[in-house]
Amino acid sequence: MKMNPLFILPFILASLIVALLSGLVRIGWSLPVSHTAGHHGAIMIGSFLSSLIMLERAVTFKNKWILLLPLLNAISIIFFLRGDIAIALYLLIAGSAGFAAMCLYFIYTYKDAYYYLFFIGASCLLIGNVMLLQSNFYPQAAPWWMGFLLFTIVAERLELTRFLQLPRGSHLMLYAALAIVIAGLVIPFHMHGDWIFASGLVLTACWLLRYDMAFKSMKKAGQHRYSALLLITGYAWLLFAAMFLFAGSENPFLYDATLHAFFIGFVFSMIFSHSPIILPAVLRLPVKPYRPFLYVWFVLLQVSLVLRMVADAAVMVELRRIAGMINGLVILFFFISMMVILKIELAKRKH
């Protein structure tokens, strides 16, 4: 029997739904998944996002048994739902270790510099997962997960723009910025590691805003402009996440602002941008699922996230609850829209 990516997607989508629901419980909504609320971060980053990224990489292999890796990672959602947290975390650790090994294979095979960034990102994911298992303290794991997604996204942007002619020395500037990010991860946050980490985020965001091809793509119509606008918006949110880290406040909601400026503002802007390209590639479908309607979800995501940031800063609990609900619904409806568009496109091809 050959492995099929379609077999893994239900687990990934279930992880997304549970992650969104558990996040809503954490901000005050009463929902029937309250027992998962304490593990919202592990489900969103581990069961959903890392499984999706592993699947994206695994489908490039001729040997489809490699798809067992994202499957192993994604089925952690079953154990989170059952309350078997240790088993779920061991599955995430096994998945992240396998992903790091996959990235080493890419380095050995292709030698491209961006695969080293993929490997560093995978290593950050593994370290974060191990730290969570050992300490059960999410603030210790979260910066490493941020490092995982930052390095992975930067690596993907370099991969997609590898033929773009950049000024000499520009890549060294990027690597220096990312080295500062690593230094900020290694130095404990209570010993100014948070400021060092934030400095690395600022420098990385500035590099992406200066050298990424997004501004050139803005001049084109259709999907190019859509993707470029989301990329630029995501890079701006990266700056806001750094700003919240620099601010450092006794307001506990600013921790929420920092995490969601990064994970929703930066990461999900990247996902919304890349999905019309990556989803058909992962599923091996010869379709183009971009529609101008997708701008609706982009605008709603940004507006609701700004409201959430304002609510966090001003400690407006009810506004925070409402904005968080809109965040979750927009993300869910975006993926539903993508699936509907893919189905319509496939139906057209059959006729």
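Is Cys-206 buried, partly exposed or exposed? Cys-206 counts as partly exposed, because its relative accessibility is 39%, and that value lies between the 20% under which a residue is called buried and the 50% over which it is called exposed. Before I go on, please keep in mind that the model we are looking at is a predicted one.

Let me stay with the cysteines for a moment. When the whole structure is searched for disulfides, the count is zero. Cys-124, for instance, takes part in no disulfide, and the nearest cysteine sulfur, which belongs to Cys-103, is 11 Å away. Cys-124 is a buried residue, because its relative accessible area is 4%, whereas Cys-206, as I said, is partly exposed at 39%.

Now to the empty space inside the model. Rolling a probe the size of a water molecule over the atoms shows where such space is left. How many cavities of 30 Å³ or more does a search of the whole structure find? The search finds two, and the largest cavity holds about 290 Å³ of space. This largest cavity is lined by 19 residues, and those closest to its centre are Leu-52, Ile-53, Glu-56, Ile-271 and Ile-278. Three helices each supply at least two residues of that lining, namely H2, which runs over 40-58, H7, which runs over 138-160, and H12, which runs over 253-283. Of these, H12 provides the largest share, with eight residues. If we sort the lining of the largest cavity by class, we find 14 nonpolar residues, three polar ones and two charged ones.

The second largest cavity holds about 40 Å³ of space. Its lining includes Arg-157, Leu-158, Trp-207, Leu-208 and Asp-212, among others. The elements that give two or more residues to this lining are H7 and helix H9, which covers 193-211, and the largest share, three residues, comes from H9. By class, the lining of the second largest cavity has six nonpolar residues, one polar residue and two charged residues.

Helix H1 (5-26), H2, H7, H12 and helix H14 (317-350) each contribute at least two residues to the lining of the largest pocket, and H12 gives the most, with seven residues. Here the division by class is 17 nonpolar, eight polar and four charged residues.

One of the residues I have just named deserves a second look. If we leave aside its neighbours within four places in sequence, Asp-256 is in contact with Arg-308, Asp-312 and Arg-320.

A residue in a loop gives us another example. Val-33 is found in the loop between H1 and H2, and Val-33 also counts as buried, because its relative accessibility is 10%. Again leaving aside neighbours within four places in sequence, its contacts are Leu-21, Ser-22 and Val-25.

Finally, the aromatic rings. A pair of rings is described by the distance of the centres and the angle of the planes. The model has 22 aromatic pairs. One of them joins Phe-61 and Phe-106, whose centres are 5.4 Å apart and whose planes stand at 50 degrees, and this pair is described as tilted. Phe-61 sits in the loop between H2 and helix H3 (68-74), while Phe-106 is in helix H5 (residues 85-110), so that the pair links distant parts of the chain, 45 residues apart. Both Phe-61 and Phe-106 are buried.

Compare that with Phe-262 and Phe-263, which form an edge-to-face pair because their planes are at 85 degrees, with the ring centres 5.1 Å apart. Phe-262 counts as buried at 0% relative accessibility, and Phe-263 is buried as well, with a relative accessible area of 11%.

Which residues do ring pairs link into a cluster? They are Phe-61, Tyr-105, Phe-106, Tyr-110, Tyr-114, Tyr-115 and Phe-118, and with that cluster I will stop.

Terms used. Residues are numbered from 1 along each chain as its sequence is written. This is a predicted model: local features need pLDDT of at least 70, side-chain atom pairs count only at pLDDT 80 or more; totals for chains, interfaces and linings use all residues. Side-chain values use heavy atoms; hydrogens and water are left out. On a 1 Å grid over the protein atoms alone, a cavity is a set of points where a 1.4 Å probe fits but cannot get out, and a pocket is an open set with protein on both sides within 12 Å along at least five of seven lines; lining residues have an atom within 4 Å of a point. Grid points are joined across faces, edges and corners, and a volume is the space filled by probe spheres set on the points. Helices (H or I, at least four residues) and strands (E, at least two) are DSSP runs, numbered from the N terminus. Ala, Val, Leu, Ile, Met, Phe, Trp, Tyr, Cys and Pro count as nonpolar, Asp, Glu, Lys and Arg as charged, and the others, Gly among them, as polar. Contact means heavy atoms within 4.5 Å. A disulfide is a pair of cysteine sulfur atoms within 2.5 Å. Buried means under 20% relative accessible area, exposed over 50%, partly exposed in between (1.4 Å probe, protein chains only). Rings of Phe, Tyr and Trp (its six-membered ring) pair if their centres lie within 6.5 Å; planes under 30 degrees apart count as stacked, over 60 as edge-to-face and the rest as tilted.
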